[in-house]
Amino acid sequence: QALTAEHNRLTKIVIDRLQTSEAAAFDKLLEESPGLYEITQLKQEPRNFSLKEIKGEIQRGEQLYFFYTIAKNLLPEMEISNESIKYYAALVDYYSVARLKQLNKWTAYIYIICFAHHRYQRHSDNLINCLISKVRHYSDEAKSVAKERLYECHIEINENFQKAGQVLKLLTDESIEANTPFKTVQSNIFGILPRPKLIIVAERM
């Protein structure tokens with residue numbers, strides 16, 4: 001008797017509050033169409049965080065939003081718990097479209113209202129988790145590239161220090177004539193270590 005009374009209470013709210021155009025939209029979810037039923041398409045969730053899957057999820061979110069706004073207005077009046085919403089939503093996932101169509105239409109509407117609310121929340125979670133995953137991926141990739149670049153820099157610095165040693169030896173080379181123009185000496189120095197790199201090494205030293 002309690003279950004029947006609760007079902008009747010929910011049905012009355014839906015009958016009183018659901019507009020004709022909204023009921024027609026619910027019916028359309030269960031209508032046959034080329035490919036999958038609309039409700040079946042909305043049940044689908046992204047299999048991974050690839051661009052194709054997330055674009056599909058965004059599109060489903062746009063379709064769901066209309067039904068979510070209806071649910072958001074009706075559910076406070078229906079005064080059912082979050083667990084009950086999840087339970088009724090799970091029935092839409094569980095039942096085939098053919099089984100949903102066999103139900104009393106107002107009962108089906110109650111289930112679909114809960115499904116739309118719960119599925120739209122999952123939709124938001126899916127997009128947030130995708131964002132977190134992508135940011136983490138880019139962050140890890142950036143750290144990996146930075147570590148590799150740092151390693152390359154260390155190697156380059158060591159090589160430049162060795163070349164700086166050759167430059168110092170060149171300045172003490174007695175085989176260079178005393179009257180050799182400084183430009184010539186500089187040319188030999190920059191042949192060993194280009195000017196910009198020599199400046200960096202000098203500043204570091």
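A surface patch, as I use the term, is made of residues with over 30% relative accessible area and no salt bridge, with nonpolar side chains (Val, Leu, Ile, Met, Phe, Trp, Tyr) joined within 5 Å. F161, L168, L171 and M205 make a nonpolar patch of about 420 Å², with areas from the Shrake-Rupley method and a 1.4 Å probe.

This is a predicted model, where local features need pLDDT of at least 70 and side-chain atom pairs count only at pLDDT 80 or more, while totals for chains, interfaces and linings use all residues. Residues are numbered from 1 along each chain, and side-chain values use heavy atoms, without hydrogens and water.

Helix α7 (residues 105–171) packs against α9 (residues 195–204) at about 90°, their axes 10 Å apart. Axes are lines fitted to C-alpha atoms over the stretch in contact, with angles from 0 to 180 degrees between N-to-C directions. The two helices are therefore roughly perpendicular, a label for 65 to 115 degrees.

Which residues meet there? E156, I157, N160, F161 and A164 in α7 meet K197, V201 and R204 in α9, contact meaning heavy atoms within 4.5 Å.

Helix α1 also meets α7: the axes come within 9 Å and cross at roughly 85°. That makes α1 roughly perpendicular to α7.

Last, salt bridges: a Lys or Arg side-chain nitrogen within 4 Å of an Asp or Glu carboxyl oxygen. The count is twelve. E6 forms one with R9, the closest N and O atoms being 2.9 Å apart.

Methods: Helix = DSSP H or I, 4+ residues; strand = E, 2+ residues; numbered from the N terminus. Parallel < 35°, antiparallel > 145°, perpendicular 65-115°, else oblique. Patch = residues over 30% accessible without salt bridge, like charges linked within 9 Å, V, L, I, M, F, W, Y side chains within 5 Å.
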